[in-house]
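This report examines a structure, its confidence and selected elements of its fold.

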Number of protein chains: 2
Amino acid sequence: MMASTIFNDCSSCILPFNKIQLRFLHLGRSVVHFRINVYPIKPCITPTQAASLTTTFAMPSEPSAKVIDGKLVAKQIRDEITSEISKMKEAVGINPGLAVVLVGDRKDSAIYVQNKKKACDTVGIISRESLLPEDCTEEEVLKCISEYNKDPSIHGILVQLPLPQHLNEENILNAVNIDKDVDGFHPLNIGRLAMRGREPLFVPCTPKGCIELLHRYNISIKGKRAVVIGRSNIVGMPAALLLQREDATVSIIHSRTENPEEITREADIIISAVGQPNMVRGSWIKPGAVIIDVGINPVEDSKSRRGYRLVGDVCYEEACKIASAITPVPGGVGPMTIAMLLSNTLTSAKRVYNFV
Amino acid sequence: MMASTIFNDCSSCILPFNKIQLRFLHLGRSVVHFRINVYPIKPCITPTQAASLTTTFAMPSEPSAKVIDGKLVAKQIRDEITSEISKMKEAVGINPGLAVVLVGDRKDSAIYVQNKKKACDTVGIISRESLLPEDCTEEEVLKCISEYNKDPSIHGILVQLPLPQHLNEENILNAVNIDKDVDGFHPLNIGRLAMRGREPLFVPCTPKGCIELLHRYNISIKGKRAVVIGRSNIVGMPAALLLQREDATVSIIHSRTENPEEITREADIIISAVGQPNMVRGSWIKPGAVIIDVGINPVEDSKSRRGYRLVGDVCYEEACKIASAITPVPGGVGPMTIAMLLSNTLTSAKRVYNFV
């Protein structure tokens with residue numbers, strides 16, 4: 001879901017990208033063929049070139065930022081969840097249950113769903129899956145969701161996005177019972193997230209993962225200036241709302257912002273979620289800032305067996321010399337998304353059985 | 001509701017204020033006695049003093065800002081609504097209906113409710129009112145709302161805030177049918193307001209009035225930097241969401257913001273809604289900025305017959321020499337709130353009767 005999130009966001013892209021056919025993307029032992037959007041190579045410029053971009057900016061030459069290890073933190077969280085589920089099983093005899101609804105045959109969506117199911121298995125969440133054909137009707141999807149809404153063994157329902165064009169995403173997401181909306185995308189959850197003195201039942205997984213990384217690395221948020229780059233419903237906007245709930249002073253940058261570099265340079269904390277490889281340059285970053293890079297962008301790489309590699313929205317080579325802490329891509333926010341989905345599913349089950 | 005909005009917001013105040021007993025506040029021919037929070041005199045400093053506050057800031061000596069006349073615009077909007085309601089009455093035989101629920105005997109709330117009823121009368125909206133005693137139960141309030149929810153002659157329901165302490169505001173506001181939530185406070189409406197590609201059924205009246213003033217004065221929002229001061233659920237937060245929907249780059253300043261002056265000085269558009277008299281000084285304002293001042297703060301004034309006068313959050317005497325346009329207090333945003341309530345009620349009725 002992460003990568004599709006970013007690709008969905010590309011309607012507001014500035015840079016061009018090419019579609020190339022990729023073969024032999026390995027998933028465990030299976031080999032899948034599908035199309036993926038891959039950006040042409042656009043490497044970060046050298047520190048010397050970057051320094052010349054602005055007279056007030058001098059690029060240090062050595063990496064100094066602490067690496068925020070999302071893979072490690074996600075592993076810790078999965079371990080904590082495993083332990084909690086085992087305690088809950090002992091106390092109330094129940095495992096949490098997650099239902100995933102997948103419509104159509106996008107291979108990338110199929111991979112994300114497989115990864116989620118696998119993650120459920122490792123922590124003790126029972127996962128169920130409904131595969132609906134590409135040409136199914138909205139009614140069929142709604143019926144499937146309605147059954148999971150009624151099923152007491154299911155505590156979370158996830159509709160894998162994107163849906164086929166002919167289906168109304170709003171109607172379908174709204175059909176998920178708010179008590180089982182572990183993706184946190186229901187407008188009622190978003191509304192509560194935006195309002196002071198209200199509590200959402202669930203917070204969207206990727207932005208929740210970003211904040212969790214800040215917490216686990218003891219990075220203080222209160223009173224800090226934060227910039228969120230990107231305003232998607234599933235990452236940028238809820239990330240901004242979460243930062244605000246933690247008393248940061250938040251600015252949101254988007255495709256219509258006239259001077260994104262200047263505004264970003266004011267931030268103590270940067271969360272970038274636009275899907276533009278290496279868009280945030282060293283010159284955009286205030287020395288000592290903390291960077292959470294949500295982008296997962298494939299760029300051409302003839303040296304890689306797959307023909308591409310993954311980079312973030314932030315030019316890592318430059319940023320790691322200026323920031324005080326930064327998430328790598330891959331291995332930063334990516335692994336946190338599924339960890340937060342598991343966490344939301346456990347929360348939901350605990351709520352049902354009043355297990356604290 | 002406007003003033004209580006601001007007073008409610010005062011939990012995050014920095015400046016002290018005194019409570020004094022005011023008598024003889026005239027409302028038409030009736031004389032009411034009630035307590036009101038009145039700030040001690042804290043006048044704007046002179047231009048010379050202001051100039052010395054910052055080396056980069058020189059205060060011009062003459063007012064140059066265009067005055068954004070909320071009273072005039074509100075009158076225009078009421079006239080438009082009157083004309084639309086008369087056409088609707090002709091076409092479908094129906095007047096829009098607004099129900100106001102008032103709990104307890106706060107005199108200020110009673111005045112706001114009277115003003116709303118009077119405004120309804122002038123445009124052709126039929127208003128109904130339920131007065132519930134201060135010590136009524138939550139169930140009684142919910143029953144009253146439930147009846148209005150079912151009543152087809154009622155297209156908007158407004159619960160006057162603040163409610164007595166023993167009542168749960170969240171439960172009561174959530175009980176209003178979202179199709180009749182003309183205050184726009186339901187989290188489902190706020191969630192839709194926050195989300196791209198979703199449309200709220202109603203937008204909260206005061207922030208909607210702020211944006212409407214910008215529109216009517218042809219002040220462009222897209223791509224502009226906007227600062228919202230204050231993050232209340234009823235003004236600051238929805239104002240920020242509205243500005244963002246119009247493609248401004250928005251920053252939200254609140255009580256935990258460390259350098260509000262510096263951030264505000266970057267803004268092309270400032271919406272202030274904190275309830276702090278004269279907090280925003282001339283030195284906070286970028287030359288040519290547009291200022292929408294939501295604050296309505298009573299300050300001591302021995303020369304006034306009432307013992308106080310109303311001022312905004314922005315030091316008007318300073319700001320009018322630096323800004324390109326500014327709303328006065330009173331006569332700026334204040335009159336727009338009720339106009340937007342009438343507009344929302346008409347919209348609701350038009351939706352029911354499919355009248356375009």
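At which residues of chain A does UniProt place the feature "domain: Tetrahydrofolate dehydrogenase/cyclohydrolase NAD(P)-binding"?

## Annotated domain

UniProt, in an unreviewed entry, places this feature at residues 204–351 of chain A; UniProt positions follow the numbering used here, feature names are shortened, and annotations may be inferred rather than shown by experiment. Over residues 204–351 chain A is 33% helix and 19% strand, with the end C-alpha atoms 17 Å apart. Helices (H or I, at least four residues) and strands (E, at least two) are DSSP runs, numbered from the N terminus.

## Basis and confidence

The model is predicted: local features need pLDDT of at least 70, side-chain atom pairs count only at pLDDT 80 or more, and totals for chains, interfaces and linings use all residues. Residues are numbered from 1 along each chain as its sequence is written, chains are lettered from A and ligands numbered from 1 in the order in which they are written, and side-chain values use heavy atoms, leaving out hydrogens and water.

The complex has an ipTM of 0.86 and a pTM of 0.87 from the predictor. For chain A the mean pLDDT (the predictor's confidence in each residue, from 0 to 100) is 88, and 84% of residues reach 70 or more. Residues 1–34 of chain A have pLDDT below 50. Where pLDDT is low, the predicted coordinates should not be read in detail.

## A sheet in chain B

In chain B, three strands form an open, parallel sheet in the order β5-β4-β6; strands pair if DSSP finds at least two bridges between them. Because β5 (126–132) and β6 (156–159) of chain B each have a single partner strand, one side of each lacks a neighbour in the sheet. Four bridges join β4 (residues 97–103) of chain B to β6(B), where Leu158(B) is the bridge partner of Val100(B).

Definitions and conventions. Contact = heavy atoms within 4.5 Å.
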